[in-house]
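This report looks at contacts between charged and aromatic side chains. Please view the structure first.

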Amino acid sequence: MKDDAREGAYESVCLRLKNAEQEIVRLKASAAVQRSRRECAEAMIDELASWVVRLSDLLRGEFC
């Protein structure tokens, strides 16, 4: 009986560890997606900023 309880506890711990590992993998993937989205947004903002400067120059008649 003690061995059954010990084996059950061991299996429970192993299952929890496996679930935790899967959650870590899921969170890492989510973080990578968010980082990629942030990098894309930053690139778009940089591009828009360069266009604002160009538009400002154009409105002042200094666009080349």
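## A salt bridge between R26 and E23

R26 and E23 are joined by a salt bridge between their side chains, with N and O 2.6 Å apart. The model is a predicted one. The two residues R26 and E23 are 3 residues apart in helix α1, so about one helical turn separates them.

R26 has a relative accessibility of 46% and therefore counts as partly exposed. E23 is also given as partly exposed, because its relative accessibility is 35%.

## The pair E42 and R38

A further salt bridge links E42 with R38, whose closest N and O atoms lie 3.4 Å apart. Both residues belong to helix α1, where E42 and R38 are 4 residues apart, about one turn of the helix.

With a relative accessible area of 40%, E42 is partly exposed. R38, at 45% relative accessibility, counts as partly exposed.

## The pair D3 and R6

D3 makes a salt bridge with R6, and the closest N and O atoms are 3.8 Å apart. Helix α1, which covers residues 2-59, holds both D3 and R6. They are 3 residues apart, about one turn of the helix. Are D3 and R6 buried or exposed? Both D3 and R6 are exposed.

For aromatic pairs, the count is 0.

Key. Residues numbered from 1 in each chain as written. Predicted model: local features only at pLDDT ≥ 70, side-chain atom pairs only at ≥ 80, totals over all residues. Heavy atoms only, no water. Phe/Tyr/Trp six-rings, centres within 6.5 Å; stacked < 30°, edge-to-face > 60°. Salt bridge = Lys/Arg side-chain N within 4 Å of Asp/Glu carboxyl O. Buried < 20%, exposed > 50% of the residue type's maximum accessible area, 1.4 Å probe, protein only.
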